[in-house]
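Biologist: I would like to go through this one with you and ask where each label comes from. Could you show it first?

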Amino acid sequence: MQVFLVGLLILGCVLFAFLSDRRQAEEAAGRQAGATARAVADSPSVREAIQAGGDPSRVLQPYAEEVRRDADVDFVTIMDTDGIRWTHPDEGQIGERFLGHTEEALSGRTLQETYTGTLGPSVRVVTPIRADDEVIGLVSAGITVDQIAARLRDQVLTLLTVGGLTLAVGGVGTYVINARLRRHTHDMDAAQLSHMYAYHQAVLHAVREGLVMLDGQRRIALINDGARELLGLAPEHGVGDRADELGLPAPLTGALLAAEPRVDEVHLSADRVLVVNTSPVAAGEQRGTVVTLRDHTELQALTGELDSERGFSQALRSQAHEAANRLHTVVSLIELGRADEAVEFATAELELAQTLTDQVVQAVGEPVLAALLLGKTAQANERGTELTVHEDSRLDDGVLPPELPARDLVTVLGNLIDNAMEAVSATPGARIAVTARAEADGLLLRVADNGPGVRDGEEVFRRGWSTKDGGGRGLGLALVRQTAERHGGTVSVGEAPGGGASFEVRVPFSSPSAGPPARTGAGPPATDPQPTPAPTDEAPLESRR
């Protein structure tokens, strides 16, 4: 197409140049013939030869031929006022009548015309010869059309040569550029590239996984809808923004800006757990990075629930083993004839288990949290840790607003208790105290232990912080903070009375109808004392099993 267009353009230019040059050649021939004719008419020797009488041809014919050759015209004809030739390139035409129009010349004016004479079509000029303001003869000089065409053919040949060379250069250039473009586009033409772009855009925005491409200056070159959602980007952020100006958490920003590859790194955004993979890309002098993001939030929540279920099952196996031992004891007492002692032993065990359940349910009526506390109590007992629910706890069923799901509370309280059990695992007489209470302005959750305590303050909530060795740790407390902040709450850590750490979570109730339940019985409403990790004799719900 480019060669065709270039050829068409050159053909048009040649045609225009041909027509223009032909007109110019005819005008130039007329000027040349006119100058020659006027020069002969003004020559004194010509006037003298005409006025001398006799045979003017004898003098004028050699003169006319010399002028014709010097002026490079095809003929110079000198004639009388009747049009009878005195000179002609063909001497046989001398004495014959001039073929052309002479009326204007006889009236004293110069005439230019194209006329077919004895030499064929020609561009000629006829001008008068004057003597004392009287026309005594006529002069005609001209150039044949064939001679003009011969001159024009040389110009046209030059134009065609230049046009052909231009077309050849354009064709070679087009071929070279096309070959280079084919190499860069992997031998795909424009239609294929258009289809690929349409498919690319459709796939890019259809996948749920996030994809971000950063250029060499760490600016966003491409981002799909999944990445926008996972990173929680505002509408004003997008292509052209720097990765460190997106307002993302510092560890996540560091992963995006890293020069080395990152593989399956877990990072926290505002409300999600993300798995980040980065891969640097080199393209000449420009370096960029391809970042893929996967939402790990639901999987992490399910993993936490699975860990809780696994702990529950271990506690149930332990309790089943203890129940079997107690059952064997009861059976052995009956076989020994000590039925009264067997009844007393069985009744005491049943009352202890029922009392523990009743006390937990009475303090925490929300069924999911009550089940969590019962399971964690059994799990702590299995580890040799004493877990108590503080006597000031009060969380009835139906108090929590719908926008505060029990699943998030399980994430918060479960991770805090698990973190406390890890902290006191090497502490003699390990104890954990849990407070769960609905207040006028929101929900209070507190977990205190008598472990070694925390010295890093806010640093414990950073993803990856852990007192234990090994990878894959340090996510629980980060999830606690993320969950609390998602509901507008706060998380703080301090020192518990008697040593150890005390983690406190406060989540406001966004619904104005939500609030603490009315207490039954006498006495003023309970205050919020700091829980003591060491349970007293009056503190109920002590795990003694």
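**Labels and their cut-offs**

Modeller: Gladly! A search of the whole structure finds seven salt bridges. Before the details: this is a predicted model, where local features need pLDDT of at least 70, side-chain atom pairs count only at pLDDT 80 or more, and totals for chains, interfaces and linings use all residues. Residues are numbered from 1 along each chain as its sequence is written, and side-chain values use heavy atoms, with hydrogens and water left out.

Biologist: What makes E65 and R68 a salt bridge?

Modeller: The term asks for a side-chain nitrogen of Lys or Arg within 4 Å of a carboxyl oxygen of Asp or Glu. Between E65 and R68 the N to O distance is 2.9 Å, so the pair qualifies under that 4 Å limit. Both sit in helix α3 (residues 57-71), three residues apart, which means about one helical turn separates them. Helices here are DSSP runs of H or I with at least four residues, strands are runs of E with at least two, and both are numbered from the N terminus.

Biologist: Why is E65 called buried?

Modeller: Buried means under 20% relative accessible area, exposed means over 50%, and partly exposed is in between, using a 1.4 Å probe and protein chains only. E65 has 12%, so it counts as buried.

Biologist: What are the labels for K376 and D418?

Modeller: K376 and D418 form a salt bridge, with the closest N and O atoms 2.5 Å apart. The pair links distant parts of the chain: K376 is in helix α11 (residues 367-382) and D418 in helix α12 (residues 406-423), 42 residues apart. K376, at 1% relative accessibility, counts as buried, whereas D418, at 26%, counts as partly exposed.

Biologist: Which residues are linked in a network of salt bridges?

Modeller: R437, E439, R446, E504 and R506.

Biologist: Which strands form the open sheet, and in what order?

Modeller: The order is β10-β11-β12-β14-β13, with mixed pairing. At the edges stand β10 (386-389) and β13 (490-495), each with a single partner strand, so one side of each has no neighbour in the sheet. Inside that order, strand β12 (residues 442-449) runs antiparallel to strand β14 (residues 501-508), joined by seven bridges. There, L444 stands opposite R506 in β14.

Biologist: Why is L11 called exposed?

Modeller: L11 lies in helix α1 (residues 2-41), and its relative accessibility is 56%, so it counts as exposed against the 50% limit.

Terms used. Pairing = 2+ DSSP bridges.
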